[in-house]
Amino acid sequence: MNNTQTVAASQEKIFELANQLAKEFFKTAAKRDREGGTPLYERNLLRKSGLLALPIPKEYGGYGAGWPIVFKVVNIIAKADSSLAHLLGYHYLTVCSTFLFGSTQQYKTFYEETAAQQLFWGNAFNPRDSGLKAVRENGRLMLSGSKSFCSGATDSDRLLVSAQEENGEVLLCVLPTHRAGIVTEDNWDGFGQRQTDSGSVKFEGVIVYEEEILHKADGEQKVFPTVRTHLAQLMLTHLLYGSTVLLKALWKNQKLI
C-alpha cells in the first residue's frame with residue numbers, strides 16, 4: 001500500500017468512527033435538547049473515541065488530521081446532534097489556538113497532554129468581552145471577573161481564556177478548568193442547541209502562572225490572529241451545514257443516520 005492509499009484508509013477509519021458516534025448521539029439528541037444540561041455521557045464517549053486528538057500532529061500523540069478532515073468530522077456529528085458538534089468544533093478550535101498564539105514549547109506541551117489524557121477543551125476566549133481583568137498582585141498574576149457565552153466550559157478539562165490587563169492589552173492563557181476560583185455557570189438562555197455547555201464563567205482571584213500565558217518566543221514566526229477567526233467561521237459553517245441536512249431529512253421523514 002502506497003502513502004496515498006495509507007492516508008485514504010486512515011481517513012476512512014476516522015469517518016467510520018465519527019459515523020458510529022453520530023448514530024449513538026442521534027438516538028437521544030431530541031430528548032436531550034429538550035432537557036438541556038450537560039451531555040456528560042456523550043462527552044465521555046468522545047473522550048474514549050480518541051477523536052479529541054484528531055488535529056494534533058502524530059509526533060505529539062494525535063491523528064495528525066488536516067483541517068478538511070476535522071471539518072468533515074464536525075459535519076458528520078452535526079447531522080446527528082448540533083450541540084455535540086458545537087462542543088467538538090470548539091474543542092478543536094481552542095486546543096489548536098495554542099499553536100497560533102503560544103510558543104513551540106507551549107503548544108507541544110498542550111498537544112501532548114491533550115492526546116495522552118484525551119482532555120476536553122472549553123472556551124472563555126472572546127477578546128471583545130472585557131469583563132475579565134488580569135491584575136498583578138504581590139508578584140502574582142490574578143484573574144477576577146467573568147466571561148460570557150463560554151461554549152464547552154462545563155465538564156471541560158482546560159479553558160482557553162482571554163482577559164484585559166491594566167494597560168489595556170489582551171492577555172491569553174490556558175488554565176485547568178477546575179482551578180480554585182473558577183466557576184462555570186449554566187445560565188445561557190437559548191433555544192435549540194441546549195447542550196453546548198455554554199454560559200458564563202466566573203473567575204475569583206484565579207492564579208495564572210507565567211508558563212500558562214500564551215506568547216510567541218523571541219525569533220519565532222508570528223501568526224496573524226485573524227487565522228483563528230477564519231477557522232472559527234469555517235467550523236460554524238460546517239456545523240450549520242450538517243444541521244441543515246439533518247433538518248431537511250427530518251422534514252421529509254428520511255433516514256439520515
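S151 is located in the loop that joins β3 (140–147) to β4 (158–165); helices (H or I, at least four residues) and strands (E, at least two) are DSSP runs numbered from the N terminus. The model is predicted, so local features need pLDDT of at least 70 and side-chain atom pairs count only at pLDDT 80 or more, while totals for chains, interfaces and linings use all residues. Residues are numbered from 1 along each chain as its sequence is written, and side-chain values use heavy atoms, with hydrogens and water left out.

With a relative accessibility of 2%, S151 is buried (under 20% relative accessible area, 1.4 Å probe, protein chains only). Apart from neighbours within four places in sequence, the contacts of S151 (heavy atoms within 4.5 Å) are H86, Y90, G122, N123, T196, D197 and S198.

Helix α4 (residues 82–101) packs against helix α5 (residues 104–117) at about 145°, the axes being 7 Å apart; axes are lines fitted to C-alpha atoms over the stretch in contact, and angles run from 0 to 180 degrees between N-to-C directions. From α4, H91, V95, C96, T98 and F99 meet Y107, F110, Y111 and T114 of α5. The residues of this contact comprise six nonpolar, three polar and no charged (Ala, Val, Leu, Ile, Met, Phe, Trp, Tyr, Cys and Pro count as nonpolar, Asp, Glu, Lys and Arg as charged, and the others, Gly among them, as polar).

In the chain as a whole, six helices and seven strands are present, in the order α-α-α-α-α-β-β-β-β-β-β-β-α from the N terminus. Of its 257 residues, 48% count as buried.

Definitions and conventions. Buried < 20%, exposed > 50% of the residue type's maximum accessible area, 1.4 Å probe, protein only.
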